[in-house]
2 protein chains.
Amino acid sequence: MGVPDSAAKPRVRPGGRSERVRESVMRACLELLTEGKVELPIAEVADRSGVNRGTIYRWWPTSTDLLNDALAFHVRHRADAPDTGAWESDVRFLITELASLAADPVERAIIATMISDRYPSLNHAMMGWYRNDRPHWFAMIERAIGRGEASPDVDPAIVLQMMLAPAVSVSVFEGRALTHEEIDSLVALVCRATAPLHN
Amino acid sequence: MGVPDSAAKPRVRPGGRSERVRESVMRACLELLTEGKVELPIAEVADRSGVNRGTIYRWWPTSTDLLNDALAFHVRHRADAPDTGAWESDVRFLITELASLAADPVERAIIATMISDRYPSLNHAMMGWYRNDRPHWFAMIERAIGRGEASPDVDPAIVLQMMLAPAVSVSVFEGRALTHEEIDSLVALVCRATAPLHN
């Protein structure tokens, strides 16, 4: 997957004029994505961002380049898998972060478009991010096993689902974020589900 | 919520001509829902079902009547919350059923439309079903607590999310159903998360 790689090398100096241009273009793209317009037509991106088409074409020769960079921009604030030194606080950190991400309007729109299967390129790019993040999440579980805080026989992929899926589910079905109380309950259940067996 | 109630009293004799008419109309509606056409325009329902508009108008005066009955028809094969006599087999039964439901094309289309927020009437009707089912699922957890198989301090709403959400999540993000192995892992984790504490 080239997506996370290309996103990792910023092409502009942070804070400079070109950084401001890039941010305008990215925000216009995210607006379009939130409205389900995954095609990101360059004319419309130019209109909304106030950046001229020539510049956009030069920096992002294709709509796929725009889409990949817009998704990179969207997830830029997402931290790596936490490493707080303890399983319970790692679980709490990750669930809290995912709960807030899943309730974000841009993310909801992306999920809605993904499930519509209308834009294979979007699903492909998003699955690229997911596959890129997954080893880091798995490593977080491995560290807990190494410290004796999680049982070595748990299936990391399903533990990950247990942490990720409820936030997505309440966002999809109820249009809301998990509450603090729900996060507490979920953290407790995940820790109990993964605790080493003592008998 | 009136939706599940009205769905509970069939207006036609099973197996008769009117039952066949109803089934044709319902299948046409589910086809339209799968294509994201939640408005269920009566002219198009008539075309696809081969049932004339007069009959459709007489039985279903509004598109909302059609939508509610189509959703009732869609979930008709869904069993009630299981009561196998043991927590682990109840959990397995429910997760297996929900995994197959979440991967169903009609259900996927409904979820996609729900998350798009384009049709509040659909979200409203689906949440009606969900609220109707939820007490039965909670009762299943209560029975397990009563038998001493589940800890009385678990949060039933979050236990339910743990059982429901992974199937929805892999259907949304990966366009597939949970595998048998994933179901086994998830059942084991749910049982461990909910097991009574012995110390």
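**A loop residue to start with**

Modeller: Let's begin with A:Ala150, which is buried, since its relative accessible area is 3% and buried means under 20%. Please keep in mind that this is a predicted model.

Colleague: Where in chain A is the place of A:Ala150?
Modeller: A:Ala150 sits in the loop that runs between helix 8 (120-146) and helix 9 (156-174) of chain A.

Colleague: And which residues is A:Ala150 in contact with, leaving aside its neighbours within four places in sequence?
Modeller: Those are A:Trp87, A:Ala144, A:Ile145, A:Thr194 and A:Pro196. For A:Pro196, 46 residues apart from A:Ala150 along the chain, the C-alpha atoms of the two are separated by 5.4 Å.

Colleague: Let's hop to A:Thr194, then. Buried or exposed?
Modeller: A:Thr194 is buried, with a relative accessible area of 1%. You'll find A:Thr194 in helix 10, which covers residues 180-194 of chain A.

Colleague: What does the side chain of A:Thr194 reach?
Modeller: The backbone oxygen of A:Cys191, at 3.3 Å. Leaving aside neighbours within four places in sequence, A:Thr194 also has contacts that include A:Trp87, A:Glu149 and A:Ala150, as well as B:Arg192 from chain B.

Colleague: Why do you say the copies meet through the same surface?
Modeller: Because 100% of the interface residues of chain B are interface residues in chain A too.

Colleague: Zooming out, how many helices and strands does chain A have?
Modeller: Ten helices and zero strands. The C-alpha atoms of chain A fill a box of roughly 70 × 35 × 30 Å along the principal axes.

Colleague: How much of chain A is buried?
Modeller: Buried residues make up 51% of its 199 residues. Chain A exposes about 9,100 Å², and 52% of that comes from carbon and sulfur atoms.

Colleague: Last one: what about charges?
Modeller: Chain A carries 22 positive and 27 negative side chains, with the centres of the two sets 8 Å apart.

Conventions: Residues numbered from 1 in each chain as written. Chains lettered and ligands numbered in written order. Predicted model: local features only at pLDDT ≥ 70, side-chain atom pairs only at ≥ 80, totals over all residues. Heavy atoms only, no water. Helix = DSSP H or I, 4+ residues; strand = E, 2+ residues; numbered from the N terminus. Buried < 20%, exposed > 50% of the residue type's maximum accessible area, 1.4 Å probe, protein only. Polar contact = N/O pair within 3.5 Å; in protein donor to acceptor, adjacent residues only side chain to side chain. Contact = heavy atoms within 4.5 Å. Areas by Shrake-Rupley, 256 points an atom, 1.4 Å probe, with all protein chains shown as cover. Lys, Arg positive; Asp, Glu negative; His and termini not counted. Charge placed at Lys NZ, Arg CZ, Asp CG, Glu CD.
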